[in-house]
Amino acid sequence: MMHLECECGNSTNFFATGDRDEQGREYIELEDDDRFSFVIGEDSVVFKCGFCGYRYRLKSYE
Ligand SMILES: [Zn+2]
């Protein structure tokens, strides 16, 4: 599954939940939400490292 790693060495994975939406896209969740948290905004998703507090922003280009 997908892997998420901060520069400080903190890392976690996403896992597939087995649930799908009506278009067949499977939902994924963070394996360990103590290590990373994320906030979904209007045009981006912000991941925050739970160890060092660094934040990464993934922008939507739709
Ligand atoms: Zn970090």
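## The sheet β4-β5-β6

Three strands form an open sheet in the order β4-β5-β6, paired in the antiparallel sense. Strands here are DSSP runs of E with at least two residues, numbered from the N terminus. Two strands pair if DSSP finds at least two bridges between them. This is a predicted model, in which local features need pLDDT of at least 70, side-chain atom pairs count only at pLDDT 80 or more, and totals for chains, interfaces and linings use all residues. Residues are numbered from 1 along each chain as its sequence is written.

The edges of this sheet are β4 (36-40) and β6 (55-59). Each has a single partner strand, so one side of each is left without a neighbour in the sheet. From one strand to the next, the twist averages 20 degrees. Axes are lines fitted to C-alpha atoms, and angles run from 0 to 180 degrees between N-to-C directions. Strand β5 covers residues 44-49 and is joined to β4 by five bridges. Phe-38 has Phe-47, in β5, as its bridge partner.

## The sheet β1-β2-β3

Another open sheet holds three strands in the order β1-β2-β3, again with antiparallel pairing. Its edge strands are β1 (3-5) and β3 (26-30), and each pairs on one side only. Neighbouring strands are turned by 30 degrees against each other on average, direction ignored.

Four bridges link β2 (residues 11-20) to β3 in the antiparallel sense. Arg-20 has its bridge partner in β3, namely Glu-26.

## Glu-29

Strand β3 also contains Glu-29. This residue is exposed because 11 other C-beta atoms lie within 10 Å. The cut-offs are 12 or fewer such atoms for exposed, 20 or more for buried, and partly exposed in between, with C-beta atoms placed from the backbone.

Leaving aside neighbours within four places in sequence, Glu-29 is in contact with Phe-14, Phe-15 and Thr-17. Contact means that C-beta atoms, placed from the backbone, lie within 7 Å. Arg-57 is 28 residues from Glu-29 along the chain, and their C-alpha atoms are separated by 17 Å.

## The chain as a whole

The chain has six strands and zero helices. Helices would be DSSP runs of H or I with at least four residues. From the N terminus, the elements run β-β-β-β-β-β. The C-alpha trace spans about 40 × 25 × 15 Å along its principal axes.

Of the 62 residues, 6% are buried. Among contacts between residues at least 6 apart in sequence, 22% join residues at least 24 apart.

Notes: Contact = placed C-beta atoms within 7 Å.
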